[in-house]
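Please keep the sequence and the structure open beside them as you go.

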Amino acid sequence: MVRGLLPPMVREEVAGDLSERFSSSSRYFGEALVTLPYILFSQMRRATSGPMLLLEAFIVFASLGGFQPTDLTRGPVPASASTAIATIAGLVALLLRDAYRTTNRWTVVRALYDLVALVLAIMASQAVLMALAHSGLIDSSWRMPGLWLFGGMVFALTMLFILRTGVDLVGAAPWLECPDANAADLCKDYAAFRSKVVFKNSVETIALTLLVAVAFWFDLHARPVVAGIGFTWIGLTLLLMTYNLTRGRVSPMDEQSDIGKIITQYRKELDRQRRAIRFVWWWYFVALFAGLFINLLIPGIIQGRYVQAIAGVACILLLAYSIIKVNKQRRVQLADKIAALDRIVARSGQ
Amino acid sequence: MNNGERPSLGSFEQLVLTSILRLGEGAYGVTIHAEIEGLAGRPIKLGAAYSTLDRVEDKGLVRSWLADPTQKRGGRSKRYYRLTVAGENALKESAATSRRILRVVDHSWG
């Protein structure tokens with residue numbers, strides 16, 4: 001049972017340490033329970049970062065309508081409060097998934113399981129609220145409307161999938177650090193990088209198509225000004241998708257080239273992808289920025305609700321900060337990759 | 001470590017690195033924890049030791065590896081730790097700071 005509670009990434013050594021220290025089952029179990037919170041928080045900290053968590057919180061909260069205007073609220077409970085409950089439940093699920101991960105790589109399978117956990121947690125939170133509302137303990141407006149929840153989840157899941165699979169474009173390649181890493185190793189690594197970019201572009205195309213479809217549906221029911229902005233976003237997003245499909249690919253490598261030429265092309269493609277990803281990621285969050293302006297900042301200023309306006313400014317700055325920091329994490333990964341390539345050049349004397 | 005900056009050590013991190021230094025080849029979870037308690041002179045939570053070990057490893061001050069399993073531990077492996085060059089430098093700097101503090105304290109309070 002204790003082994004099941006311990007996160008997989010540290011299960012072996014922690015279970016071993018506990019069994020070495022404590023021969024009595026009760027002391028073993030007691031110490032494990034006291035140790036577990038420290039280990040869980042440490043694994044969460046290792047798996048994710050503050051900015052990444054903040055970005056995920058923004059995505060879920062905004063997608064589920066947490067920033068919607070108060071005049072659209074169905075009952076006495078503000079949308080921000082009811083959405084906060086679902087958001088917190090979803091984030092706890094993501095953090096637990098991070099703590100209990102079995103790999104440090106941000107893989108597709110891992111991302112899919114993460115999203116399933118998020119959905120189950122949000123549905124569970126809504127089920128609890130429904131039970132409490134039926135028993136008369138809370139107002140029914142604490143629950144989120146079904147259609148809104150569904151539409152918001154589609155948006156949130158799409159964005160979170162892109163975020164969680166796009167963070168790690170260049171994986172660790174330990175064979176590149178071997179003294180005898182050669183052109184064939186580099187080509188193999190380049191091929192893996194190329195596959196990831198192809199996959200990333202495919203996922204983004206599907207995701208953007210879904211986002212466009214959901215945005216189109218929302219814009220049909222939105223106020224004219226909002227719809228105008230929304231349709232403009234759809235048009236520009238379609239242009240971006242076209243660019244991704246036509247110019248976002250990584251060129252194939254001539255495997256007969258020498259190490260110097262391979263590395264030159266590899267560096268060039270890494271840099272090109274870095275710039276493209278940075279732009280595309282800012283674009284994904286344009287809708288969030290627009291939502292914050294339209295729902296928080298501008299109404300706050302016009303209606304004299306200065307606390308709301310300041311909250312809008314704070315949210316916009318926090319969102320920008322999160323995007324910058326997560327982009328920086330990716331830049332550091334790419335820089336480490338380029339440094340590994342440079343070490344190969346140095347070792348080969350070219 | 002980011003941007004080549006030398007990381008500063010918290011007091012508990014100093015204890016952890018010192019323990020690893022003292023234990024040498026035998027530095028793993030159980031022994032490190034016992035050594036920290038000896039140096040600190042008070043009980044220390046095992047979980048606190050683990051989370052600090054993770055933190056200093058992420059800072060690049062130590063590196064760890066899983067050894068072969070042993071029958072004594074129910075067939076489970078030990079994770080050994082060793083100071084990196086950056087860890088040694090950080091510990092030396094921290095020790096130098098502590099000596100400067102000690103000189104001031106001795107001078108002020110005898």
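1. A pocket, on a 1 Å grid over the protein atoms alone, is an open set of points with protein on both sides within 12 Å along at least five of seven lines, whereas a cavity is a set of points where a 1.4 Å probe fits but cannot get out; in both cases the lining residues have an atom within 4 Å of a point. Grid points are joined across faces, edges and corners, and a volume is the space filled by probe spheres set on the points.

2. Please bear in mind that this is a predicted model, in which local features need pLDDT of at least 70 and side-chain atom pairs count only at pLDDT 80 or more, while totals for chains, interfaces and linings use all residues. Residues are numbered from 1 along each chain as its sequence is written, chains are lettered from A and ligands numbered from 1 in the order in which they are written, and side-chain values use heavy atoms, with hydrogens and water left out.

3. The second largest pocket has a volume of about 980 Å³, and 34 residues line it, with A:Phe218, A:Asp219, A:Val226, A:Gly291 and A:Asn295 lying nearest its centre. Helices, which are DSSP runs of H or I with at least four residues, are numbered from the N terminus, as are strands (E, at least two). In chain A, α4 (50–63), α7 (146–166), α8 (183–220), α9 (224–247) and α11 (286–302) each supply at least two residues of this pocket's lining, and α11(A) gives the most, with eight residues.

4. What classes of residue make up the lining of the second largest pocket? There are 23 nonpolar, nine polar and two charged residues, where Ala, Val, Leu, Ile, Met, Phe, Trp, Tyr, Cys and Pro count as nonpolar, Asp, Glu, Lys and Arg as charged, and the others, Gly among them, as polar.

5. The structure also holds one cavity of 30 Å³ or more, and the largest cavity has a volume of about 40 Å³. The lining of the largest cavity consists of A:Arg274, A:Arg278, A:Asn327, A:Arg330 and A:Arg331, which divide into no nonpolar, one polar and four charged residues. The largest share of this lining, three residues, comes from α12(A).

6. A:Ser63 belongs to helix α4 of chain A and is buried, with a relative accessible area of 8%; buried means under 20%, exposed over 50%, and partly exposed in between (1.4 Å probe, protein chains only). Leaving aside residues up to four places away in sequence, A:Ser63 touches A:Phe58, A:Trp148, A:Gly152, A:Phe155 and A:Ala156, a contact being heavy atoms within 4.5 Å.

7. Rings of Phe, Tyr and Trp (its six-membered ring) pair if their centres lie within 6.5 Å, and planes under 30 degrees apart count as stacked, over 60 as edge-to-face and the rest as tilted. Over all chains, nine aromatic pairs are found. The rings of B:Tyr28 and B:Tyr80 have centres 5.6 Å apart and planes at 65 degrees, so this pair is edge-to-face. Because B:Tyr28 lies in the loop between α1 (11–23) and α2 (29–40) of chain B and B:Tyr80 in strand β2 (residues 79–83) of chain B, the pair ties together parts that are 52 residues apart in sequence. B:Tyr28 counts as buried at 7% relative accessibility, and B:Tyr80 counts as buried at 17%.
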